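Visitor: Please show me the structure, and then let me ask about some of its parts.

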Amino acid sequence: MKLDTKALRYLTAEDWRVLTAVEMGSKNHEVVPTTLIVQLSGLRGGSGVHKSVSTLAKANLIARMKNAKYDGYRLTYGGLDYLALHTHLKHSILYSTGNCIGVGKESDIYVVASPSGQQLILKIHRLGRISFRSIKNNRDYLKHRTSASWMYMSRLSALKEYSFMQVLNKNGFNVPEPVAQSRHTVVMELMDTFPLRQIQSVPDPAGLYAELIDVILRLASFGLIHGDFNEFNILIKEN
């Protein structure tokens, strides 16, 4: 799905509280009852909550489930996007969003800017796309759980990536510097590089090959195996 931030600036404090309440209720409910949303939001009177619910539904941040046994709503990926962006904004990590520069099987990549104007990368994990439904069998996110929502798994994926990037960065590996993580998003350094798949030729192929093998061996020395070491995930500097 496309990241649409048009409604972000128009949401009120009450809207954010209701959206957060739907997120909280989603931990135990696939469809969060409206009565529970009112309770979790902590807002007095139901009329204000219903107004916010209407606003959020119009912006596709929450969705009313048809044929549900009770009146309720579920959080959409758009709603999760807004909650993550709201957190990054409150912590002065992000100020604006730019173009989408990559769409993959697991994530979307955007150029964003910090309050100081520094360009960064926002990676939004979106597990559950049709082209990657085998992830529940191929990845160990679920541990001992038998099932989980795609949003929950996207959160775990983002947290795991951020944690790995922190450790690798501290140990001298050439990975983008991790800046922040919230829900299913990771903010990281924008590197002046090109994916290897876009490079037609290099001056010293044997030297580059040796460098890449060295990365694999260094990872192995830490007990790590890169499960997707290919031309799409290797970044090359022009110099």
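**Helix contact and strand pairing**

Guide: In helix H1, Glu14, Asp15, Val18 and Leu19 meet Val49, Ser52, Val53, Thr55 and Leu56 of H3; contact means heavy atoms within 4.5 Å. This is a predicted model, with local features needing pLDDT of at least 70 and side-chain atom pairs pLDDT 80 or more, while totals for chains, interfaces and linings use all residues. Residues are numbered from 1 along each chain as its sequence is written, and side-chain values use heavy atoms, without hydrogens and water.

Visitor: How do the residues of the contact of H1 with H3 divide into nonpolar, polar and charged?

Guide: Asp, Glu, Lys and Arg count as charged, Ala, Val, Leu, Ile, Met, Phe, Trp, Tyr, Cys and Pro as nonpolar, and the others, Gly among them, as polar. The contact of H1 with H3 has two charged, two polar and five nonpolar residues.

Visitor: At what angle do helix H1 and helix H3 pack?

Guide: H1 covers residues 13-25 and H3 residues 46-58, with their axes 9 Å apart. The packing angle is about 80°. That makes the two helices roughly perpendicular, a term for angles of 65 to 115 degrees.

Visitor: Which residue stands opposite Val186 in E8?

Guide: Strands E6 (residues 119-125) and E8 pair antiparallel over five bridges; pairing takes at least two DSSP bridges. The residue opposite Val186 is Lys123.

Terms used. Axes fitted to C-alpha atoms, helices over the stretch in contact; angles between N-to-C directions. Helix = DSSP H or I, 4+ residues; strand = E, 2+ residues; numbered from the N terminus. Parallel < 35°, antiparallel > 145°, perpendicular 65-115°, else oblique.
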